[in-house]
Amino acid sequence: MSLVGAKVLRKEDPRLLTGIGTFVDDLAPPRCAFASFVTSSEAHAEIVAIDMRAALAMPGVLGVWTAADFVDYPDLPGGLPDLERPVLARNRVRFVGEPVAVVVAEDRYLAADAVAAVEVEYRTLEAVTTIEAATAPDAPELFERHGSNVVNVVPMMDDLEREMQRCDDRASLHLVNQRCAAVPIEALACLADWGVDGLTLWATFQAPHHLRNSVASWLDIAQSQCRVIAPDVGGGFGSKIVWYPELFLAPLLSKWTRRPVKFAQTRSEAMMQMSHGRDQVHDIEVGFDRTGRIRALRLVISQNLGAYPDPTGLGLATLTSWMAAGCYRIGHVSTSYRNVVTNTTPVAAYRGAGRPEAAYSVERIVDVVARRCGIDPAEVRKRNFIGPSQFPYETHNEAVVYDSGDYPAALEECLGLLGYGQRRIEQADQRNDPDAPLIGLGLSCWLEIAGFGPNGSLEGFGHLASWESAQVRIQPDGSAIVFAGSSPHGQGHETTFAQIASDELGIPFDRIQVRFGDTATVLQGVGTMGSRGVPTGGSAVKVVSGRVLARAKKIAAHLLEASEADLEVNDNAFNVRGSPGKKVSWGDVAWASYQPLRLPPELAAGSLEERLYQESPNFSYPSGAYGCAVSIDPNTGEVTIDAMVLVDDCGTVINPLLAEGQVHGGVAQGIAQALYESVVYNELGQPVTANLLDYLVPSAPDLPGYTAGRVTTLCPNNPLGAKGIGESGSVGAPAAVVNAILDALAPYGVEHLDMPISPEKIWQAIHAADRRGVPEMSTESLSESDAEVVS
């Protein structure tokens, strides 16, 4: 029986669920000191003076350092000219929480006391926290040498005005995709130990080799003298592939103090210092005809980068522009974007990284088109879909060629699971009852770009390459070790990679161990991000396992004096087809692989070990259709999600349990963005959501149950046919929820509300509107003679 596609319990869970996992802050080497940072209380200010005397006089304090102590070291990697981020603020601070000085003490409590004793004198400058404020003519500049708060602009090649004028109608929206905090269960932590044999750095990080390469370069030491270990990592969502000062300073502090130095963020520190996500402003406009066919789309994107342009943050608007048309066949598409710096925490990748923003905008405007035409939103989507026979599909950007999909099938499954037709009838009945809750139905037919593996796709973000590595070693007893360059932070690599290897090798799942996260054990790797774990990393495991199996068959055939073509692997043995009982166990073959006298002449000892760097010719494009049903109390604005249907197409599914878990987590974050979460700054640049009392993260009772479905179209660009699923929920869910709310509010003429849509916003919208109504959406499809139907 194949393990690929089977619901196998996770190998990781016993240690994680029983509390015996190993996270960075669990490590306590002898003589370990603790680092804590003095951070800016100002959003924008000049540093006049730093008084460290009281802190240095405190018992247990080993030292206090400022930017002046690091003049011989470069700024953080990946910065743009004149916009680089220093490891400690130099002369000026640009956001609340920016590190200004670092204290090292005997323990974390002494370090915290010493931080409070450091006095920093500032000369306050005017701060800007929004794109609008930062781009105003008289806005204060964050980087005067750069000359503008606009980092770069990619202009629109064609404004499509001619195409828009040819359409029967046009619709536009101004959308704010609000700033979110990543809030992984484990905040940033690192432990550096610079000993006589070199540096060992434990870090809660998504890409340990990437960190090793950059830290070694920054310190000007050989990579062979720099070992990075990512032990168990408590979530990342993109926020742990970002360069933080702590990761670079901890090694130096260990070297200077001659003892291990640990840093571990508090939750409040993480809310201000760990990179944020989203924070895009869109102006989207479409031209369409009376039947709801969209003929032209233009999208103008403004990305708030925060105080410093992060390498991953700079790519967010690019990805949004690539996916602007979603899963729709739109003849004319044009995009532009600009990146802007503000006095806020830097923005970088956050689950979906640019793709949720694109899906949200196109799905919102499709609903507006449906409302303007008086046609049901499901029908408008069907009329605009790219058809299943039109793949590979070339988009408005030559870098983006959709691989496969069946968007109509996904929508049909979603509508069926949601009971869409019956719910529309019930909605119409309830709209005649002024005392009834407001019923709304929302759809999101989303598409994203994933499987980052094509050459060049990650190098622009500072990574060594875009391949992923895997190595398989057969032990003398026939068990196997898989060394994976992709290092997980909750994805379940130990389970899924063992399933893939077991299927290819014929070795039992329980006899396969997966190792990762240690640059001294796994020779090279790129990392886990962009839903590339299975499409790229898993494909590497499949291919390299197949190569090892081919050699094992040569050995087995030699031992059995049989033809390789007659061998089949089952029950942990090589069996001769048609000759019951003529077999040799995997253990016997593995043992022989280390004995040259028992090997065929073309093989050498240790031949059952292979390493591979897996490349991909193209990205993968997961897609799906999500449906949401809500009821709203018109007296309070409170939203209840009555149903949430999730239909995904992620290609080959390795483990349905893990796939469902990934979707559920992503949908929780998507619902949270739609209803609850928002990072807010006041007019002085002070964060007013700097802890989990003020930043609203939903708990289990706030979230609905889910009904899941699946459509499968295989990705032709990797051996597994997998597309990835880690970010899908966060891409598809926000638009489904928001569309449902606005559908419920349609009788009040409310066309749009920005996320998060709180009860207060809904209540205000209801009471600001008269019940003037809008064109009712037909529950009947137009005849085929009146509509363009995707073939």
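My entries on these topics follow.

**Ground rules.** I'm working on a predicted model, so I note that local features need pLDDT of at least 70 and side-chain atom pairs count only at pLDDT 80 or more, while totals for chains, interfaces and linings use all residues. Residues are numbered from 1 along each chain as its sequence is written, and side-chain values use heavy atoms, with hydrogens and water left out.

**Cysteines.** I searched the whole structure for disulfides and got zero; a disulfide here is a pair of cysteine sulfur atoms within 2.5 Å.

Cys373 is partly exposed at 22%, whereas Cys650 is buried at 4%.

**Cavities.** For me a cavity is a set of points on a 1 Å grid over the protein atoms alone where a 1.4 Å probe fits but cannot get out, and lining residues have an atom within 4 Å of a point. Grid points are joined across faces, edges and corners, and a volume is the space filled by probe spheres set on the points. My search of the whole structure turned up ten cavities of 30 Å³ or more.

The largest cavity comes out at about 110 Å³. I count 13 lining residues, with Arg85, Tyr308, Pro309, Asp310 and Pro311 nearest the centre. Domain 1 (13-125 + 186-234 + 240-273) and domain 2 (276-452 + 618-790) each put at least three residues into this lining.

The second largest cavity has a volume of about 90 Å³. Ten residues line it, and Arg364, Asp367, Val368, Arg371 and Asp743 are the closest to its centre. Which helix gives the most to this lining? I found that α10 does, with four residues; α10 (355-373) and α18 (728-744) each supply at least two. Helices are DSSP runs (H or I, at least four residues), numbered from the N terminus.

**Domains.** The bounds come from an automatic or database domain assignment, which also lists domain 3 (467-614). I get 38 Å between the C-alpha centres of domain 1 and domain 2. Across that pair, 23 residues of domain 1 are in contact (heavy atoms within 4.5 Å) with 24 residues of domain 2.

Note on methods: Buried means under 20% relative accessible area, exposed over 50%, partly exposed in between (1.4 Å probe, protein chains only). On a 1 Å grid over the protein atoms alone, a cavity is a set of points where a 1.4 Å probe fits but cannot get out, and a pocket is an open set with protein on both sides within 12 Å along at least five of seven lines; lining residues have an atom within 4 Å of a point.
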